[in-house]
Amino acid sequence: MKILVIDVGGSNVKFLATGQNVPVKFSSGPKLSPGPMVCGVKQLAEDWNYDAVSIGIPGPVRNNEIVSEPHNLGTGWVGFDFDSAFG
């Protein structure tokens with residue numbers, strides 16, 4: 001199984017997938033919401049193959065659900081459907 005691993009931080013979004021050798025990143029910040037984050041990752045990783053996605057965010061997660069908005073990012077993280085967004 002190939003996994004795309006995403007680290008969403010207050011300054012950058014960094015990601016790498018199984019079989020790739022060089023991590024990719026783009027700027028985040030206090031206005032980044034989950035939709036643009038997903039679009040940025042999908043655009044920069046459009047040629048990558050992966051079967052699953054693992055996302056780390058700067059905030060609490062319970063039962064695979066974000067339970068409060070990250071303080072250093074934009075809004076919309078709580079309740080966002082990452083499964084649909086990544087397909």
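Colleague: What covers the buried residues of H1?
Modeller: The cover includes strand E1 (3-8), strand E2 (12-17), strand E3 (24-27) and helix H2 (82-86). Contact means heavy atoms within 4.5 Å. Helices (H or I, at least four residues) and strands (E, at least two) are DSSP runs, numbered from the N terminus.

Colleague: What should I know about the model itself?
Modeller: It is predicted: local features need pLDDT of at least 70, side-chain atom pairs count only at pLDDT 80 or more, and totals for chains, interfaces and linings use all residues. Residues are numbered from 1 along each chain as its sequence is written, and side-chain values use heavy atoms, with hydrogens and water left out.

Colleague: Back to H1. Which of its residues are buried?
Modeller: In H1 (residues 34-44), they are Pro34, Met37, Val38, Gly40 and Val41. Buried means under 20% relative accessible area, exposed over 50%, partly exposed in between (1.4 Å probe, protein chains only).

Colleague: Why do they count as being on the same side of H1?
Modeller: Because they cover an arc of only 160 degrees around the axis. The arc is that of the directions from the helix axis to the C-beta atoms.

Colleague: And what is exposed on the other side of H1?
Modeller: Cys39 and Gln43.

Colleague: New topic: aromatic pairs. How many are there in the whole structure?
Modeller: A search finds four. Rings of Phe, Tyr and Trp (its six-membered ring) pair if their centres lie within 6.5 Å; planes under 30 degrees apart count as stacked, over 60 as edge-to-face and the rest as tilted. One of the pairs is Phe15 with Phe26. This pair is edge-to-face, at 6.3 Å centre to centre and 65 degrees between the planes.

Colleague: Which strands do Phe15 and Phe26 lie in?
Modeller: Phe15 is in E2 and Phe26 in E3, so the pair ties together parts that are eleven residues apart in sequence.

Colleague: Are those two buried or exposed?
Modeller: Phe15 is buried, at 2% relative accessibility. Phe26 is buried too, at 17%.

Colleague: Which residues do ring pairs link into a cluster?
Modeller: Phe15, Phe26 and Trp48.

Colleague: Last one. Where is Asn63?
Modeller: In the loop between strand E5 (61-62) and E6. Asn63 has a phi near 55 degrees, a positive value in a residue other than glycine. Asn63 is exposed, at 70% relative accessibility.

Colleague: What about the phi of Asn64?
Modeller: That is near 65 degrees, also positive. Asn64 lies in the loop between E5 and E6, and Asn64 is exposed, with a relative accessible area of 76%.
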